[in-house]
Amino acid sequence: MKLIPAIDLKDNKVVTTTKGSRRKYQEISLKLSPTSNPLKFIEYILTLGNFNTIYLADLDSIKEFKKPNNVIKTILQEYENISFIVDNGARKFSHLNLYDNSNFKQIIATECFEDYETIIKKNYMDYILSADFMNNEILQINTKYKYLKPKKVISMNLDCIGEKKGINIKNLNSLREIYPLSNIVVSGGIRGNEDFHEAIKNGVTEIILLTAILEKNIDLI
């Protein structure tokens, strides 16, 4: 099982939520981390486990698309030995891969992206699809994401983030019906070792999480 720490950035600080809403994020509590500085936070995370991949979400750009974030640029440069998965709220094909670094993979999120026709026309495959679930429904601009053939899909359970609800098996199975050949990654609601083993039982090989890592509720192997 591969564990991928998730870092949400807002106003260039590490933030968390307890309500699964991207409008209700707040600076990470000192009870969870000694710092909200993104670079120092990554340094701290790496003391907790031997992680080789980290998920970064630029919440400001997800809300309203912006040019490349200088903090993310610096992170990619400072941690060249780490692979990053970056969600910058891309809407169009021209918004993809705006960072020059080779150590990151672009997220295409159903919540924001609309230019699937260009992806399909160009047979573009260098991305990870994020299927953004809320109340067991995929948030979407249009339904053309169903015609993609991604190598990897994230079951991003937004209403489970910070809620410790466990893995949403229904959403996981829904994605398997749409993308039977894709590797499904689970994100949101991970409580601890019980969900770790539930994920393995359901054929999941990668989990994106944060709170369970910071609270040391999951065995880091």
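**Charges**

I began with the charges, and found that the mean positions of the 30 positive and 27 negative charges of the chain lie 3 Å apart. For this I counted Lys and Arg as positive and Asp and Glu as negative, leaving out His and the chain ends, and I placed each charge at NZ of Lys, CZ of Arg, CG of Asp or CD of Glu.

**Ground rules**

I note that this is a predicted model, in which local features need pLDDT of at least 70 and side-chain atom pairs count only at pLDDT 80 or more, while totals for chains, interfaces and linings use all residues. Residues are numbered from 1 along each chain as its sequence is written, and side-chain values use heavy atoms, with hydrogens and water left out.

**Overall form**

I looked up the secondary structure and found seven helices and eleven strands, both taken as DSSP runs numbered from the N terminus (helices H or I, at least four residues; strands E, at least two). Along the principal axes, the C-alpha atoms fill a box of roughly 45 × 40 × 30 Å.

I then turned to burial, where 54% of the 221 residues are buried (buried means under 20% relative accessible area, exposed over 50%, partly exposed in between, with a 1.4 Å probe and protein chains only). Of the contacts between residues at least 6 apart in sequence, 63% join residues at least 24 apart, a contact being heavy atoms within 4.5 Å.

**Salt bridges**

I count seven salt bridges in the model, each being a side-chain nitrogen of Lys or Arg within 4 Å of a carboxyl oxygen of Asp or Glu.

One of them joins the side chains of Lys-10 and Asp-60 at 3.5 Å, N to O. Lys-10 lies in strand β1 (residues 2-10) and Asp-60 in helix α2 (residues 59-63), so this pair ties together parts that are 50 residues apart in sequence. Lys-10 is partly exposed, at 23% relative accessible area, whereas Asp-60 counts as buried at 18%.

Another joins Glu-206 and Lys-152 at 2.9 Å, N to O. This pair links distant parts of the chain, with Glu-206 in strand β11 (residues 206-209) and Lys-152 in strand β9 (residues 152-157), 54 residues apart. Here Glu-206 is buried at 9% relative accessible area, and Lys-152 is partly exposed at 23%.

I also looked up Arg-191 and Asp-195, whose side chains meet at 2.8 Å, N to O, in a salt bridge. Salt bridges that share partners join Arg-191, Glu-194 and Asp-195 into one network. Within it, Arg-191 is partly exposed at 32% relative accessibility, and Asp-195 is buried at 2%.

**Loops and backbone**

I found Lys-122 in the loop between α4 (116-121) and β7 (128-134), where it is exposed at 52% relative accessibility. From Ile-169, Lys-122 is 47 residues apart in sequence and 33 Å apart in space, C-alpha to C-alpha.

I checked phi at two residues other than glycine. Asn-136, in the loop between β7 and β8 (137-138), has a positive phi near 65° and is partly exposed at 33% relative accessibility. Lys-216, in the segment after α7 (211-214), has a positive phi near 60° and counts as exposed at 57%.
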